Amino acid sequence: MVDLKRFLHDLNSIKKSNEPRLEILMIQLYMEHFLNEIINYKSGELPEKVIRENLSIPAKTSIVERWGIINNDHKKVIDVLAKTRNDLIHNLLINFKKIEQRLKSVNFDFIRNDKGKRVKLLSRLKPYNRLTFSSILIIGILYHKLLNLRGETCLQSFNLELEKNADDWDSRIKLIETQK
């Protein structure tokens, strides 16, 4: 089974290339994989091929949101990720201003503390980094939800760290693995 450890390994190997197209493509690939797995498991009757080939990302996120697996903030981030991926993958010449404007229009501060209040961690990051960071956290959420649906114990989670470096913020995501 695909898990968070494999995802971070794949993502870190791509990050070294410093190529945003590959990074967004990898994140989108894993995001869609977990959406497909959840829809396949919950629907029971839809073959995986039908889900993969006939449902768009917005359709998948709408289904999963209706089921209460993700919220509207998560859906918006996933939809922006899909649009950004399309811009980066389908255009040889990239309009970075258009992408930047789209990213600035999205509220990425959907992370909530244990009292349900929003934690404004991601506002310190540049818009592109907010998108990737938020998307990675949503992948962690989808992974947990999938395992819960299957009745399996989740032994992996993400820990996020922000650190001030000169005039910018650096973000790191670490994998936490617990023992049975």
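Colleague: Does D87 count as buried or exposed?
Modeller: In this predicted model, D87 has a relative accessibility of 11%. The cut-off for buried is under 20% relative accessible area. At 11%, D87 therefore counts as buried.

Colleague: Which residue meets the side chain of D87 in a salt bridge of 3.8 Å, N to O?
Modeller: A salt bridge needs a Lys or Arg side-chain nitrogen within 4 Å of a carboxyl oxygen. At 3.8 Å, N to O, the side chain that D87 meets in this way is that of K98.

Colleague: Which parts does the pair of D87 and K98 tie together?
Modeller: The two residues are 11 residues apart in sequence. D87 lies in helix α5, whereas K98 belongs to residues 96–104, so the parts tied together are helix α5 and helix α6.

Colleague: What is the relative accessible area of K98?
Modeller: Partly exposed covers the range between the buried limit of 20% and the exposed limit of 50%. K98 is partly exposed, its relative accessible area being 42%.

Colleague: How far apart are the closest N and O atoms of R102 and D87?
Modeller: R102 forms a salt bridge with D87, and the closest N and O atoms lie 2.7 Å apart. This pair links distant parts of the chain, with R102 in helix α6 and D87 in helix α5, 15 residues apart. R102 is buried, with a relative accessible area of 16%. The N to O distance for R102 and D87 is 2.7 Å.

Colleague: Which residues do salt bridges that share partners join into one network?
Modeller: D87 meets K98 in a salt bridge, and R102 forms a salt bridge with D87. Through shared partners, the network joins D87, K98 and R102.

Colleague: What separates the C-alpha atoms of L131 and I24?
Modeller: L131 lies in helix α7 (residues 127–150) and is buried, with a relative accessible area of 0%. L131 and I24 are 107 residues apart along the chain, yet their C-alpha atoms are separated by 9.2 Å.

Colleague: Where in the protein chain is confidence lowest?
Modeller: The chain averages a pLDDT of 80, and 81% of the residues score at least 70. Confidence is highest in helix α4 (residues 57–66), at 92. Where pLDDT is low, the predicted coordinates should not be read in detail. The lowest mean, 67, belongs to residues 168–177, strand β2.

Notes:
Residues are numbered from 1 along each chain as its sequence is written. Side-chain values use heavy atoms; hydrogens and water are left out. Helices (H or I, at least four residues) and strands (E, at least two) are DSSP runs, numbered from the N terminus. Buried means under 20% relative accessible area, exposed over 50%, partly exposed in between (1.4 Å probe, protein chains only). pLDDT is the predictor's confidence in each residue, from 0 to 100.
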